Amino acid sequence: MDQTTPTSIDLRAEYEESGVREVLDELDRELIGLAPVKQRIRETAALLLVDRARTRLGLSHETPTLHMSFTGNPGTGKTTVAQKMAGLLHRLGYVRKGHLVNVTRDDLVGQYIGHTAPKTKEVLKKAMGGVLFIDEAYYLYKPDNERDYGQEAIEILLQVMENNRDDLVVIMAGYADRMDRFFAANPGFRSRIAHHIDFPDYSDEELGRIAESMLDAQGYRFDPAAQAAMAEYVGLRRAQPHFANARSIRNALDRARLRQANRLFSQQGRVSADDLSTITEPDLRASRVFSGGLDPDGSRERERVQDLQYDNA
């Protein structure tokens, strides 16, 4: 053993000094719920701390496979957790930069011969030294369309995931059932992905807390009647199609703020700071959700249309 090689390492001190605690604390503060996800991230951090300690003590080791699969419904925090994971990997020295590159099929796959390879390679070049997050990754694979170039992107990704795993971490995300079918059809991905993390839906109580947190971050609050209306809204909206967890809640709050602004403007009088900061019950109950209709949800509606386009292509 080299004279500069330590004989022991204090893992707790490594945990504190590396900044891992800071990342995990941010995860707890910024994301409500998701207890099983947070536990998996803590376990992964412990694995990487031990791996780094083994390296410093001169023990035999090989770079762990860090590519991941995040499965769950929309709006469950997958992208946010991917950002935190990029920061954690950077602090532990597993990626050089710690940035996140977020892409979909359209960023990787071209529409004509010779277009896909340069697109995919350009994305990979930007992601090197960090984390590549591929949302709805199953759309890369369209076996029923002979003119589709997704397979070319898949082959390039597989090669880079194997040959550059010490400089790039790939996280593939999407609905659990579709990801299972995608991996079954493309076993090369399954063999390269060691960490599969499932993101549960939020409970009604958690969504209520998320709504209050989102409002607070923008300098707004519910009055008591609006808080009760929001709890009722969550239960009704969850039962409707295209519910997207925290994403649907954010969209509902955006519409409530729009109604509040129009309500205040129509009063044609002076308003106080409290007036400008308070969401009231009528601002929420104007939603069609309370009358049995489907509240317009822009992001999910776009996703639904995109789903139809891909499925019918």
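**Notes on helix packing, the sheet and a few residues**

1. Let's start with a pair of helices: H6 crosses H7 in a right-handed sense. A crossing counts as right-handed if the near helix is turned clockwise from the far one by less than a right angle, and left-handed if anticlockwise. H6 covers residues 116-127 and H7 residues 150-163, and the two pack at an angle of about 35 degrees with their axes 9 Å apart. Axes here are lines fitted to C-alpha atoms, for helices over the stretch in contact, and angles run from 0 to 180 degrees between N-to-C directions.

2. Before going on, a word on what you are looking at. This is a predicted model, in which local features need pLDDT of at least 70 and side-chain atom pairs count only at pLDDT 80 or more, while totals for chains, interfaces and linings use all residues. Residues are numbered from 1 along each chain as its sequence is written, and side-chain values use heavy atoms, with hydrogens and water left out.

3. Which residues of H6 and H7 make the contact? On the H6 side they are Thr116, Ala117, Thr120, Lys121 and Leu124, and on the H7 side Glu152, Ala153, Ile156, Leu157 and Val160. Contact means heavy atoms within 4.5 Å. Sorted by class, the contact of H6 with H7 has six nonpolar, two polar and two charged residues. In this sorting, Ala, Val, Leu, Ile, Met, Phe, Trp, Tyr, Cys and Pro are nonpolar, Asp, Glu, Lys and Arg are charged, and the others, Gly among them, are polar.

4. For the overall picture, the protein has 15 helices and seven strands. Helices (H or I, at least four residues) and strands (E, at least two) are DSSP runs, numbered from the N terminus. The C-alpha atoms fill a box of roughly 75 × 55 × 30 Å along the principal axes. Of the 313 residues, 47% are buried, where buried means under 20% relative accessible area, exposed over 50%, and partly exposed in between (1.4 Å probe, protein chains only). Among contacts between residues at least 6 apart in sequence, 77% join residues at least 24 apart.

5. Now the sheet. It is open, has five strands in the order S2-S3-S4-S1-S5, and its pairing is parallel. Two strands pair if DSSP finds at least two bridges between them. Why is one side of S2 and of S5 left without a neighbour in the sheet? Strand S2 (100-103) and strand S5 (195-199) stand at the edges, each with a single partner strand, so one side of each has no neighbour in the sheet. On average, neighbouring strands of this sheet are turned by 20 degrees against each other, direction ignored.

6. Strand S1 (residues 68-72) runs parallel to S5 and is joined to S5 by five bridges; Met68, for example, has His195 as its bridge partner in S5. The covered face of S5 carries His195, Ile197 and Phe199, whereas His196 and Asp198 make up the uncovered face.

7. Leu207, Ile210, Ala211, Met214 and Leu215 of H10 meet Ala246, Ile249, Arg250 and Leu253 of H12, giving eight nonpolar, no polar and one charged residues.

8. Are Lys126 and Asp216 buried or exposed? Lys126, in helix H6, counts as exposed at 52% relative accessibility. Not counting residues up to four places away in sequence, Lys126 touches His99 and Val101. Val101 is 25 residues from Lys126 in sequence, with 7.4 Å between their C-alpha atoms. Asp216, in helix H10, is exposed at 57% relative accessibility. Its C-alpha atom is 9.5 Å from that of Ser277, 61 residues apart along the chain.

9. Finally, two backbone angles to look at. Most residues other than glycine have a negative phi. Leu34 has a positive phi, near 55 degrees, and is found in the loop between helix H2 (20-30) and helix H3 (35-56). Asn245 also has a positive phi, near 50 degrees, and is found in the loop between helix H11 (224-238) and H12. Leu34 is buried at 4% relative accessibility, and Asn245 is buried with a relative accessible area of 1%.
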